[in-house]
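Thanks for coming. I will go through one structure today, so please have the sequence and the model in view.

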Amino acid sequence: MKKIFSFYFIAVLFLFSLTSCNRLKPAGFWYNFQSKDISYKESDHGPWGGHTAILWHSKHIGHFATETALDFAKENGWIFVDSTQVAKLIVNGWVYNEKNIFPLSYSDTFRPHVISFSATFAHFPRQINTEMTVYRFKTGWISIHAETTQAEEINGFLTMSMDKKEMAIYHKWGE
């Protein structure tokens, strides 16, 4: 009986170790996408919500392929919704506390034109300072607007510079 219990215990620990850093952590699978090119990563998750920001950088034009990133997202359960091109002039206006940010907060979903500011912006740093494409996804997680209690299903974002040298993902969930 002791051997059977030990076997099951080890098997459960092994399975947990395979998934704990990637599947159980929202958006954690992105750490496996071209990991050698990751230039920044932040992830903080608690019982009522969390966020992930991962930035990639390459010195080579065309390094990041849109189709490859979109396929990777799909393989990991992110459902593509749509995309938007954002001009450099608008991107350069995304600043909070004198730092470049991606304008994503719990009180609102992403909008290219920032209407109000939120302390949540500090969790989503930005390195892309050129025209970019923003891809929106349903992630299987939801964000809840605290004031209205309205749930938002579209809460995963992939950004890619037009020259394909830089990309980032941003994900928020909870309240």
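Ala-27 is buried, at a relative accessible area of 6%; buried means under 20% relative accessible area, exposed over 50%, and partly exposed in between, with a 1.4 Å probe and protein chains only. This is a predicted model, where local features need pLDDT of at least 70 and side-chain atom pairs count only at pLDDT 80 or more, while totals for chains, interfaces and linings use all residues. Residues are numbered from 1 along each chain as its sequence is written, and side-chain values use heavy atoms, with hydrogens and water left out.

Back to Ala-27. Its phi is positive, about 65°, although Ala-27 is not a glycine. Most residues other than glycine have a negative phi. Ala-27 sits in the loop between α1 (2–19) and β1 (38–45). Helices (H or I, at least four residues) and strands (E, at least two) are DSSP runs, numbered from the N terminus.

Glu-98 also has a positive phi, about 65°, and is not a glycine. Is Glu-98 buried or exposed? Exposed, at 78% relative accessibility. Its place is the loop between β4 (95–96) and β5 (99–100).

Now the chain as a whole. The protein chain has three helices and eight strands, in the order α-β-β-α-β-α-β-β-β-β-β from the N terminus. Of its 175 residues, 42% are buried.

Next, helix α2, residues 66–75. Its buried residues are Thr-66, Ala-69, Leu-70, Phe-72 and Ala-73. They lie on the same side of α2 because they cover an arc of only 160° around the axis, the arc being that of the directions from the helix axis to the C-beta atoms. Glu-67, Lys-74 and Glu-75, on the other side of α2, are exposed. The cover over the buried residues of α2 includes β3 (79–86), β6 (132–144), β7 (151–161) and β8 (166–174). Just after α2, Gly-77 takes a positive phi of about 90°.

Last, the cores. A nonpolar core is a set of buried Ala, Val, Leu, Ile, Met, Phe, Trp, Tyr and Cys residues joined through side-chain atoms within 4.5 Å. The largest has 20 residues, and those touching the most other members are Trp-30, Trp-56, Trp-78, Leu-158, Met-167 and Ile-169. α2 gives the most to this core, with four residues. Leaving aside neighbours within four places in sequence, Ile-169 is in contact (heavy atoms within 4.5 Å) with residues including Ala-27, where we started. A second, separate core of 19 residues includes Trp-94, Phe-124, Ile-128 and Ile-154.
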